[in-house]
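Have a look at the sequence and the model below before reading on. The report then walks through a few of its parts.

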Amino acid sequence: MPRYKIVLEYDGTPFCGWQRQADRMSVQQALEESIYRFSGEKAVTQASGRTDAGVHALGQVVHFDLASARDPFRVREALNYHLKPNPAAVLDCFQVDESFEARFSALARHYEYRILNRRAPAALERNHVWHVPAPLDADRMHEAAQLILGRHDFTTFRSAECQANSPIRTLDHFAVRRERDHVVITASARSFLHHQVRSMVGSLKRVGEGKWSPADFRAALDAADRRRCGPMAPSAGLYFVRVDYPATDASQDPSP
């Protein structure tokens with residue numbers, strides 16, 4: 001059966017997250033229904049990573065199989081037609097080898113978190129940023145972020161509902177920068193625990209406010225205790241940016 005890899009962008013605001021649920025529309029359900037409308041096939045989609053309700057994606061990668069080969073351009077166009085009016089779009093589509101798996105072939109996943117840091121609330125970016133009116137020290141937050149790079153037990157920043165077998169993860173990149181009224185936090189790793197990025201961001205906010213020192217942030221990690229985590233950042237500011245795959249994957253999307 002031909003396998004297809006798509007790169008998907010979506011506004012997570014109206015969705016209950018990536019994974020199908022019985023009572024609310026998910027990104028997975030919207031996509032699978034769109035596949036059925038143009039192909040008549042009940043394909044099962046697999047994403048590179050699950051996103052929670054309200055989380056957005058700039059480059060989510062998904063694969064699925066169809067019974068017969070179709071032109072990838074036509075698949076992309078058909079999916080975008082049938083996805084309407086859902087706020088989701090297929091940016092690209094490739095036919096790939098059957099050994100490719102969106103989740104298990106991934107080498108790294110990249111996230112971005114956006115904080116609107118000004119007194120005035122969001123108008124144009126409502127549901128797409130975390131509005132924090134109190135001034136944040138982005139340089140201090142970046143200093144703290146560097147203290148938890150590498151391989152650690154991330155229990156403190158792990159959801160109680162996380163189903164991962166181990167809390168051990170390797171954080172390859174974690175950085176904070178200011179862009180005028182925005183504080184932008186970027187994180188990269190091969191895989192993340194459930195709610196890990198939002199939990200780390202929520203605790204970094206305490207550093208930015210001056211309530212924690214960078215050393216306090218590292219101490220929270222070392223405690224390996226969920227009770228030491230700061231309040232979790234809301235989902236609205238989180239974006240799944242892109243996924244890296246082996247260079248041998250000829251369908252690697254080169255866009256950032």
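What follows covers confidence, a central strand pairing, a helix and the cysteines.

**Confidence.** This is a predicted model. The mean pLDDT of the protein chain is 95, and 96% of its residues reach 70 or more. Residues 250-256 are another matter: pLDDT stays under 50 there, and the model has 12 contacts beyond four places in sequence for this stretch. Where pLDDT is low, the predicted coordinates should not be read in detail.

Strand β9 spans residues 182-189, and eight of its eight residues are buried, so the rest of the structure largely encloses it. In a regular strand the side chains alternate between the two faces of the sheet. Here both faces are covered, with His182, Val184, Thr186 and Ser188 buried on one side and Val183, Ile185, Ala187 and Ala189 buried on the other.

| Strand paired with β9 | Sense | Bridges | A residue and its partner in β9 |
|---|---|---|---|
| β5 (residues 108-116) | antiparallel | eight | leucine 116 and histidine 182 |

**The nonpolar core.** In soluble globular proteins, nonpolar side chains tend to be buried together. The largest nonpolar core of this model has 70 residues, and Phe174 and Ile185 touch the most other members.

**Helix α5.** Which residues of helix α5 (residues 214-223) are buried? They are Pro214, Phe217, Ala220 and Leu221. Seen down the axis of α5, these buried residues fall within an arc of 115°, so they line one face of the helix. They pack against α3 (138-146), β7 (150-153), β8 (168-179) and α4 (196-209). Just after α5, alanine 224 takes a positive phi of about 50°.

**Cysteines.** A disulfide is a covalent bond between the sulfur atoms of two cysteines. How many disulfides does a search of the whole structure find? It finds zero. Cysteine 162 is in no disulfide, and the nearest cysteine sulfur, that of cysteine 229, is 13 Å away. Cysteine 162 counts as buried because its relative accessibility is 14%, below the 20% cut-off. Cysteine 93 is buried too, with a relative accessible area of 6%.

Conventions
Residues numbered from 1 in each chain as written. Predicted model: local features only at pLDDT ≥ 70, side-chain atom pairs only at ≥ 80, totals over all residues. Heavy atoms only, no water. Core = buried A, V, L, I, M, F, W, Y, C linked by side-chain atoms within 4.5 Å. Buried < 20%, exposed > 50% of the residue type's maximum accessible area, 1.4 Å probe, protein only. Disulfide = S-S within 2.5 Å. Helix = DSSP H or I, 4+ residues; strand = E, 2+ residues; numbered from the N terminus. Arc of directions from axis to C-beta. Contact = heavy atoms within 4.5 Å. pLDDT = per-residue confidence, 0-100. Pairing = 2+ DSSP bridges.
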